[in-house]
Amino acid sequence: MISSFKKTGLILIVSVLFLTLTAPVSYAVDLDVFTMFGGADPASDAYQNAISEFESMYDVNINDDSSTMDDAVKVRIENAFQANNEPDLTMYFTDEQASPIINSNNVVSYTEEIFSEYPALKDRYLEDSLEQQRWNDGNIYGIPVTGFYEGLLINEDLFEKHDIPLPTNWENFMTAIERFNEEDIVPLGVGLGRIPHYMLEHAILVMGGAEQHNAGLKDGVPQGWIDGLNLIKKLYEMDAFPVDTLNMGWEQPREMFRRKEVAMLPEGNWALGALSENHDTMSILPMPVPPEGRGEYSSIIAGFTSGFYISEEAYQDEEKGEMVIELVKHLTSKDVMSDIVEANAGLPSVKGINVDDLEGLSEVEREGVNLANKAANIVLPTDAKISRPAFQEIVNGVPYIVEGEKTAKEVLESAREIEMEARRGEE
Amino acid sequence: MMDKFKKIFVKSNIGRFFIYVFLIFWALTTIAPLVWVLNNSFKDTDQIMDSPFGFAESLNWANYQKAVERVDIIRSYINSFIMSGSATILVLLFGGMAAYILGRFEFRFKKFFTTIVALGLLIPAFSTIIPVYDLMIKLNLINTYPALILPHVASNLIFAIFVLSSYMSSLPDSIEEAAIVDGANRFQIFTKIIIPMSRPALATVAIFSFLWSYNDLFSALILVSDRSVRPIVVLLNEVSSRYGVDYGLQAAAVVLTIVPIFLVYLLLQDYIVKGLARQGSVKE
Amino acid sequence: MRQFKGDKKVIIMFLIPAFAFIFIFLLYPLIRTFYNSLFYILQNTNPRYVGLGNYQKLITDAGMITAVWNTLIFMVAAVVIEVGVGTLLAILVNFIKRGAKFFRVVYVFPVVVSAAALGLLFSLIYNYRLGLLNTIVSWLGYNPIRWITRDSALWAVIAPVTWRYVGFYFVIILTAITKIPKTLYESADIEGASRLQKTRHITLPLIFSDIRISIIIAITGVTKVFSMIWIITQGGPMNSSQVLGTYLYSVTFQRRLFGYGSTIAVFIVLFGLLLVVLTNKLLKSDDNGGYGTPGM
């Protein structure tokens, strides 16, 4: 005799199993797609339109699993590739963070396979954008979509209101910091405690110059890196940052900038989307270079660090293989790209798009893209030059440096040790 | 005699007063956050940043509309209830069975099992997620209900066994022995005596198991991310992006997530009260 | 309790389902984690065998030492506040008739609301510029205070986390109190016992094992606490509010060191185990009338 308790339990288990076995409707071709254009991303509408368009053009059903990128999602995607369970088309990072994807051997190499079959495809893209996708082994595994750029966003109206000259050179920059402090406005919006990233990158770039910045840590700690961190300390001691910067991330500085409580904000094009209502009173400039810095004023941190990966399995499949390529073509077509660029103000990866023609972009957004286009050097950010644990070591070390508890040299040498340990695996 | 009674009466009243003061004070601290979240759900993000603790101007349902558009609300609720509900039922069933043994029997390898239970309490969720994910891939269960149900059963079993065995162990021997004399076997004792007598503890375990399963965002994102099976808690993740957190939307998402749980809790509340009434009439 | 021959079968059958789950979804991953702790694994690829190298790193890791120390402080606070206040509230609610149901529902609210929302709430309470605390402070005429600093951060996170779980232990202890037959209280009333006396001599002794369980759950819970702390301080500033749960997350998901992260996880398990054993030994009494309780 089974007790009623067990009976209900059994019934429930059976019904649950039954529910899981309900099969979906099938189309000619089913494509699983993942992108970073999830729910709250500004480009999500443009992206959704693009896939609906695609579905009406071909007999394809797209299972879109796009999601905002956070740690849990990163883990999921990385593991999906590791477990041979990857989506057919995946948009993911193409910098250091890509190693789990590429090392899983489940992605197709464009250089080795796809470009030879589809030669016209390669020509669509700007050479620089493709080059940045090149992996350590010389191959290209990701097709770039939109790129990003970083710079110094400024609230022009605040400068005008208090009669302060724009920070187009170092002297003005220093003056601005002093003057804004007098007016009780935070000069530089940075959260040194949690996300000093953009400030970090700019500081190392202006003090070390593109060459030292790009050298990374593997051949020793470049002096420019030490100088860069010390620059941040100097700014901290000048009270350039918010009072509670040691407990801030990126959200608060940006919010304060929006509310005109911050004059200058080192950020990237993605921040422009959130600040759209202020675009008329905003401008974007490169980070000024101190006299003792080795960098050039027009060096910009920008690049393409994400792209579309095609699953090996999907590519080998007769029907899917072709469809996936068509989808990539569609998503990087001029029309779709224009829509996406208008939505997220990023750098287009394909030839033939002139941002000055895109009506959906504001003045400051165009300025930003042109900053990148006219730059003497385009440099990928610091976290693309060294391994993640090494970068995190520096990030964690910044508060200690500005508070005087550790020296920049100490922190960087510790980071270097971590970097060398990470590289030991790559033999 | 009269003085003694007066003393008790007066003491009782003043004491009672202070008791209520303290209880109400604590209640205010626990209600305030909920009111705050509810209040914020009617503001948009700008208003929240401008005055995070001020009253909303009007009943602005925009955030709720946005939330409903972002995820398929009905589907997500159903998914949540199926997954968390199934997990809870299995936890009560298997947990109750194991707790009965561990709480009331002595046998050779008992210590082994109790140690494992204690061990289970210590395992951090972040360590188990990847091996569990790999396992689900091998069993081809990713993005199906069991993918989330099974690990949740396992982690809540620990808590269940802890609480239930403690409760069951303190139920008097005499009850079982009397039943055996009457010719009952262990199954019957378990289902007809022990379980009913453990109602309050079972309700407690049910509530918290359901709650933890329902609120578990991290595992849900990894094991059941597909739109057709994902639970409502995922909505909480969809409110943020590289562009920032939409605080108004998040507040609405929190409210939408809480409401069903609240109802479930009220339901189980009554169950506890009934259990107590029974308890009072049980003779030693 | 007297046991019979047929009991062996019952024991096995009743234990198998639960322990099957536990073995597959908790112990197997634990073993895998232990295995991983012997490797250097960056971003979950290319494992490189390092033997006990990660463990050597653990011993000299300043971040780890801080995390352990902070976790211990947290545990003491957790036991005193979560279990202490929870028990107090349960006892008080047990004394009153009117409104008991109301309190029972309301005290659990913080546990029902997601940690993320509460984390945001407290971030906004502590915020330097527009936080509730500083709003009150300036209203009173003083200068705004930095609530989250190196010295205050740990307590700034202990407060909300422990406050949150009070309701959880409240329910557990209240449930335990309901086990106590009303007749005991009735006879005490007749003899004119005060509430204090009733509590000391009836309630507390009879719920002692439940309190002990609660303490164990509280202590082990602290080893895993994460979300709220991460949102409010992310373990900072400068590691001052770093606990084991946040450190594990930081190493595994920020630094992407899965091997070392596994090592930390193993440490957490052993550390927690040690504390549970100690707690059990410390709280051993002539309790539970010989029925046996789980744990050691």
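View 1. About 9,500 Å² is buried between chain B and chain C, 78% of it on carbon and sulfur atoms. Buried area here is the accessible area (1.4 Å probe) that two parts lose on being put together, summed over both. B:Trp26, B:Leu122 and B:Phe126 account for 8% of the area that chain B buries against chain C, more than any other three residues. Residues are numbered from 1 along each chain as its sequence is written, and chains are lettered from A and ligands numbered from 1 in the order in which they are written. The model is predicted, with local features needing pLDDT of at least 70 and side-chain atom pairs counted only at pLDDT 80 or more, while totals for chains, interfaces and linings use all residues; side-chain values use heavy atoms, leaving out hydrogens and water.

**View 2. Polar and charged pairs between chain B and chain C.** Two salt bridges are counted between chain B and chain C, each requiring a side-chain nitrogen of Lys or Arg within 4 Å of a carboxyl oxygen of Asp or Glu. One salt bridge joins the side chains of C:Arg32 and B:Asp134, at 3.3 Å from N to O. Ten residue pairs are in polar contact across the interface of chain B and chain C (both at pLDDT 80 or more). A polar contact is a pair of N or O atoms within 3.5 Å; within protein, one must be able to donate a hydrogen and the other to accept it, and residues adjacent in sequence count only if both atoms are side-chain atoms.

**View 3. The largest cavity.** Residues of both chains line the largest cavity: B:Phe162, B:Val163, B:Ser166, B:Tyr167, B:Ala201 and B:Thr204, with C:Ile172, C:Thr175, C:Ala176, C:Asp210, C:Ile213 and C:Ser214. The space in the largest cavity is about 110 Å³, and the count comes to nine cavities of 30 Å³ or more. A cavity is a set of points on a 1 Å grid over the protein atoms alone where a 1.4 Å probe fits but cannot get out, and lining residues have an atom within 4 Å of a point. Grid points are joined across faces, edges and corners, and a volume is the space filled by probe spheres set on the points.

**View 4. Domain 1 and domain 2 of chain B.** The domain assignment, automatic or from a database, gives chain B domain 1 (2-40) and domain 2 (71-281). Four residues from domain 1 of chain B and five residues from domain 2 of chain B make the contact. The two domains of chain B bury about 320 Å² between them, 89% of it on carbon and sulfur atoms. B:Leu34, B:Val37 and B:Asn40 supply 82% of the area that domain 1 of chain B buries against domain 2 of chain B, more than any other three residues. Zero salt bridges are found across this interface.

**View 5. Domain 1 and domain 2 of chain A.** Chain A is assigned domain 1 (29-143 + 305-348) and domain 2 (150-302 + 378-426). Their centres, taken over C-alpha atoms, are 31 Å apart. Nine residues of domain 1 of chain A are in contact with nine residues of domain 2 of chain A.

Terms used: Contact = heavy atoms within 4.5 Å. 1 Å grid on protein atoms, 1.4 Å probe; cavity = no way out; pocket = protein on both sides within 12 Å on 5 of 7 lines; lining within 4 Å.
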